[in-house]
Amino acid sequence: MRVTKPESGEVLREEFNRWAEAGRGEGMEQEHLPITLPVLEKMQLAPADNVLDVGCGAGWLSRRLAKLVPQGRVVGMDVSDEMIRRARRASVDFENLIFVTGEVEEIPWEPNFFSHVISVESAYYWPDSVAGIREIFRVLKPGGSAWILINYYRDNPHAHQWGGLLAVETHLLSAAEWSERFRAAGFGNVQPERVRDHSRTPEVYTGRWFRDAAELRAFKAEGALLVHGAKEGKA
Ligand SMILES: C[S@@+](CC[C@H](N)C(=O)[O-])C[C@H]1O[C@@H](n2cnc3c(N)ncnc32)[C@H](O)[C@@H]1O
């Protein structure tokens, strides 16, 4: 059972609808691709796998996944209905991909369905990550695996300032705390890892997320946190 109020989902929906309307959903592909590609390799997807992309935003990763599982199915899910509208609009050519509006704390899907669940740069927004990870476990079939990738976590001090810059509540947990949530949900073989972004860093940084290029370099050197685990049992 989730412990947060449904209003927190409404706050997230409104904020990420604003992001979607500003075109930020599409823009995130360029930022997140360098840390996501190594995860796709580790997932070792087979053509008939079924994959859930939690917090899919404008759907760029879901489309990439759909190409990797041509005989399987991909579901992109997001709390923001505007992100989902944009994701659907950009994906009309895909027959094995659908998008649904929903919160990770109550995934609108049957149990034991997906072979893989992935979530990129979304989990630190989840109002109740304990319930969210439990839900991910529920919709995975035995033998399936979950992969959560985030840049904002306690062990990387160069991102801590994001909490004050974001308009919604965020949750700054350590690798050990995320891993513990996986284990408490029932996952086995839980492993936290770092995924480094080897893309070029500009000499001068003019954005709002880092003080300067040196801090951005330090942030990238720490790397993103990837936590993955398996729902043990026969597929
Ligand atoms: C920073 S964006 C990342 C989007 C996408 N994964 C990407 O890499 O482009 C975070 C996304 O997580 C979604 N999100 C946040 N909390 C959520 C929740 N509790 N359930 C489902 N989606 C959520 C937001 O609506 C937003 O689209």
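On a 1 Å grid over the protein atoms alone, a cavity is a set of points where a 1.4 Å probe fits but cannot get out. Its volume is the space filled by probe spheres set on the points, with grid points joined across faces, edges and corners. This is a predicted model: local features need pLDDT of at least 70, side-chain atom pairs count only at pLDDT 80 or more, and totals for chains, interfaces and linings use all residues. Residues are numbered from 1 along each chain as its sequence is written, and side-chain values use heavy atoms, leaving out hydrogens and water.

Searching the whole structure turns up 1 cavity of 30 Å³ or more. The largest cavity has a volume of about 30 Å³. Which residues line the largest cavity? They are Leu52, Val75, Met77, Val100, Ile107, Pro108, Trp109 and Phe114 (lining residues have an atom within 4 Å of a point). By class, this lining has 8 nonpolar, no polar and no charged residues. Here Ala, Val, Leu, Ile, Met, Phe, Trp, Tyr, Cys and Pro count as nonpolar, Asp, Glu, Lys and Arg as charged, and the others, Gly among them, as polar.

## Around the ligand

Some N and O atoms can be followed one by one. A nitrogen atom of the ligand lies 2.7 Å from a backbone N or O atom of Gly55. For Val104, a backbone N or O atom is 3.0 Å from a nitrogen atom of the ligand. The side chain of Ser122 has an N or O atom 2.8 Å from an oxygen atom of the ligand.

## A salt bridge in a helix

The structure holds 11 salt bridges (a side-chain nitrogen of Lys or Arg within 4 Å of a carboxyl oxygen of Asp or Glu). One of them joins the side chains of Arg85 and Asp81, at 3.7 Å from N to O. Both residues lie in helix H4 (residues 81-89), 4 residues apart, about one turn of the helix.

Terms used. 1 Å grid on protein atoms, 1.4 Å probe; cavity = no way out; pocket = protein on both sides within 12 Å on 5 of 7 lines; lining within 4 Å. Polar contact = N/O pair within 3.5 Å; in protein donor to acceptor, adjacent residues only side chain to side chain. Helix = DSSP H or I, 4+ residues; strand = E, 2+ residues; numbered from the N terminus.
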